[in-house]
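Here is a short briefing on a two-chain model. Look through the sequence and the coordinates, then read on.

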Amino acid sequence: MRQYEVTFIVDPVLSGDEIKSTAKTYEDMLKTEGAVIVNINDMGLRQLAYPINKRSSGIYFCTEFQVENGSMISKLELALRRDERIMRFLTVKLDKYGVKYNEDKRNGLIGKVQKPEKKSAKKDSRKPEPKKVVKPAPAPVVVQKEE
Amino acid sequence: MASRDDIKFLSNPNIGSKKKKYCRFKKYGIKHIDYKDPDFLLQFINEQGKLLPRRITGNSLKYQKRVAIAVKRARHLALLPYVADLLK
């Protein structure tokens, strides 16, 4: 079994139902080709870094799937290329680390928490911040009312 | 009158001591670089959106190549710009 990941950008001009149906057609197509869909990640509307087809934003979808061999990938890519609703797509084969990474990300082990930590550490190395004296906050007095 | 103990840093004490660079992927055991995470990849490109060299990032050759691939994939998906000005 090989695991692949296809990311595509859907035209944002379409209505909400059309966008969903676009994503659904490829999900169905994968299923009919005998692929096992692992995960579908709707990354939502994002600002593009540069305009594509005179659009400045797009709706990102990322689908992970497992297939026995990659012969159906060309079929999928041809369909994506012919589809006018798709602005861009990228198919990637995942190695074992990629599979594990995506699994961990889904389970919330890799998240946004890691990043700001690193950035702050980077800042510290450049400019050592004065140590802040953390004052212990006064403990909230809990008044229990007897009824 | 300043005593000798008050005069501490006539020059920057950090000048002589070089800080050893390291590969963050090796150090933290990151095996896979996600191309869908532009915030992370932003650390490896300069203001114009160009890849930073290894001598600045400190990445090992193996992971520098993977970073390059991830950045190029992100560019294709318009997550990162091909050309930019004042990116950071």
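In what order do the elements of chain A run from the N terminus on? They run β-α-β-β-α-β-α-α. This is a predicted model, in which local features need pLDDT of at least 70, side-chain atom pairs count only at pLDDT 80 or more, and totals for chains, interfaces and linings use all residues. Residues are numbered from 1 along each chain as its sequence is written, while chains are lettered from A and ligands numbered from 1 in the order in which they are written.

**Chain A: make-up**

- Chain A holds 4 helices and 4 strands. Helices (H or I, at least four residues) and strands (E, at least two) are DSSP runs, numbered from the N terminus.
- Of its 147 residues, 15% are buried. Buried means that 20 or more other C-beta atoms lie within 10 Å of the residue's own; exposed means 12 or fewer, and partly exposed is in between, with C-beta atoms placed from the backbone.
- Among contacts in chain A between residues at least 6 apart in sequence, 73% join residues at least 24 apart. A contact needs C-beta atoms, placed from the backbone, within 7 Å.

- Strand 1 and strand 3 of chain A pair in the antiparallel sense, over 9 bridges. Pairing requires that DSSP finds at least two bridges between the strands.
- E5(A) has E64(A), in strand 3 of chain A, as its bridge partner.
- Strand 2 of chain A also pairs with strand 3 of chain A in the antiparallel sense, over 11 bridges. Here D42(A) is bridged to F61(A) of strand 3.
- Strands 2 and 3 of chain A form a hairpin with 2 residues between them. N53(A), in the turn, has a positive phi of about 50 degrees.
- K54(A) lies in the loop between strand 2 and strand 3 of chain A. K54(A) is not a glycine, yet its phi is positive, about 65 degrees. K54(A) counts as exposed because it has 5 C-beta neighbours inside 10 Å.
- Helix 1 of chain A (residues 16-32) has 17 residues and should span 24 Å at 1.5 Å a residue; its end C-alpha atoms are 24 Å apart, which agrees. The expected span is 1.5 Å times one less than the number of residues.
- After helix 1 of chain A comes G34(A), with a positive phi near 90 degrees.

**Chain B: make-up**

- Chain B has 4 helices and 0 strands, in the order α-α-α-α from the N terminus on.
- The radius of gyration of chain B is 19 Å, well over the 12 Å that the globule rule gives for 88 residues, so chain B is more spread out than a compact globule. The radius is taken over C-alpha atoms, and the rule is 2.2 Å times the number of residues to the power 0.38.
- Its C-alpha atoms fill a box of roughly 65 × 30 × 20 Å, taken along the principal axes.
- Buried residues are 22% of the 88 in chain B.

- D34(B) sits in the loop between helix 1 (24-28) and helix 2 of chain B. D34(B) is partly exposed because it has 17 C-beta neighbours inside 10 Å.
- Leaving out residues up to four places away in sequence, D34(B) touches Y101(A) and A70(B).
- A78(B) is in the segment after helix 4 of chain B. Its phi is positive, about 60 degrees, although A78(B) is not a glycine. A78(B) is buried, with 24 other C-beta atoms within 10 Å.

**Between the chains**

- The contact takes 14 residues from chain B and 13 residues from chain A.
- Helix 2 (38-41) and helix 4 (61-76) of chain B are the elements that give two or more residues to the side of chain B that touches chain A.
- That side of chain B divides into 7 nonpolar, 2 polar and 5 charged residues. Ala, Val, Leu, Ile, Met, Phe, Trp, Tyr, Cys and Pro count as nonpolar, Asp, Glu, Lys and Arg as charged, and the others, Gly among them, as polar.

**Nonpolar cores**

- The largest nonpolar core has 24 residues, of which I9(A), L41(B), A70(B), V71(B) and A74(B) touch the most other members. A nonpolar core is a set of buried Ala, Val, Leu, Ile, Met, Phe, Trp, Tyr and Cys residues joined through C-beta atoms within 7 Å.
- Helix 4 of chain B gives the most to this core, with 5 residues.
- A second, separate core of 5 residues includes Y4(A), Y26(A), L30(A) and F65(A).

Note on methods: Two residues are in contact if their C-beta atoms, placed from the backbone, lie within 7 Å.
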